[in-house]
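Trainee: I have not worked with this structure before. May we go through it by question and answer?

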Amino acid sequence: MQSRRDAFLVVPEARFYFDAVQDIFFADFSGCVVRHLENVEQLRASLLERLAPLGKKVPAIVNYEGFSVSPDAWDAYVDMAREVAQAHYSSVSRYTGGAFLRARLGRAFQQRGTAAHVFGTEQDARKFLCCTRQGAAA
């Protein structure tokens with residue numbers, strides 16, 4: 001049986017997907033638990049494995065439903081997420097129904113000088129991404 005500790009490692013290729021038609025990268029961290037620094041590095045490697053071959057920055061939507069990070073790995077996780085976003089995302093919106101996680105992520109990204117854009121629903125995250133893409137094209 002797969003432990004919750006390794007939840008994001010179950011099938012990484014199914015959790016990260018670039019939709020060429022929509023030109024959007026989707027990262028699904030739903031139900032993942034990041035407990036150790038090694039999990040952060042494994043996650044970074046999985047993301048870079050899928051993003052680097054694209055050869056360009058792309059818009060991204062990140063699903064954080066049921067996601068959690070241990071206090072010991074929190075700073076490393078947020079730093080990694082910020083670095084990946086800066087290097088590979090032209091824009092990013094995130095979502096989770098969890099108000100606590102939404103607030104915590106928002107604060108953490110703002111403290112690192114990064115816009116958080118964490119929404120309560122996938123629909124709101126998509127709407128934001130759509131609006132930012134239209135604004136950039138105008």
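Trainee: What volume does the largest cavity have?

Mentor: Please keep in mind that this is a predicted model. Rolling a probe the size of a water molecule over the atoms shows where empty space is left. A search of the whole structure finds one cavity of 30 Å³ or more. The volume of the largest cavity is about 80 Å³.

Trainee: Which element gives the most residues to the lining of the largest cavity?

Mentor: The lining includes Phe29, Leu47, Tyr77, Met80, Tyr89 and Arg94. Two elements give two or more residues to this lining, namely β6 (89-95) and α3 (71-88). With five residues, the element that gives the most is α3.

Trainee: How many residues of that lining are charged?

Mentor: The lining of the largest cavity holds eleven nonpolar residues and no polar ones. The number of charged residues is one.

Trainee: How far apart are the end C-alpha atoms of helix α2?

Mentor: Helix α2 covers residues 37-51, which makes 15 residues. At 1.5 Å a residue, the helix should span 21 Å. The computed distance between its end C-alpha atoms agrees, at 21 Å.

Trainee: Within what arc do the buried residues of α2 fall?

Mentor: Among the buried residues of α2 are Asn39, Val40, Leu43, Leu47 and Leu51, whereas Leu37 and Glu49, on the other side, are exposed. An α-helix has 3.6 residues a turn, so residues three or four places apart point the same way. Seen down the axis of α2, the buried residues line one face of the helix, because they fall within an arc of 165°.

Terms used. Residues numbered from 1 in each chain as written. Predicted model: local features only at pLDDT ≥ 70, side-chain atom pairs only at ≥ 80, totals over all residues. Heavy atoms only, no water. Helix = DSSP H or I, 4+ residues; strand = E, 2+ residues; numbered from the N terminus. Expected span 1.5 Å × (residues − 1). Buried < 20%, exposed > 50% of the residue type's maximum accessible area, 1.4 Å probe, protein only. Arc of directions from axis to C-beta. 1 Å grid on protein atoms, 1.4 Å probe; cavity = no way out; pocket = protein on both sides within 12 Å on 5 of 7 lines; lining within 4 Å. Points joined across faces, edges and corners; volume = space filled by probe spheres on them. Nonpolar A, V, L, I, M, F, W, Y, C, P; charged D, E, K, R; others polar.
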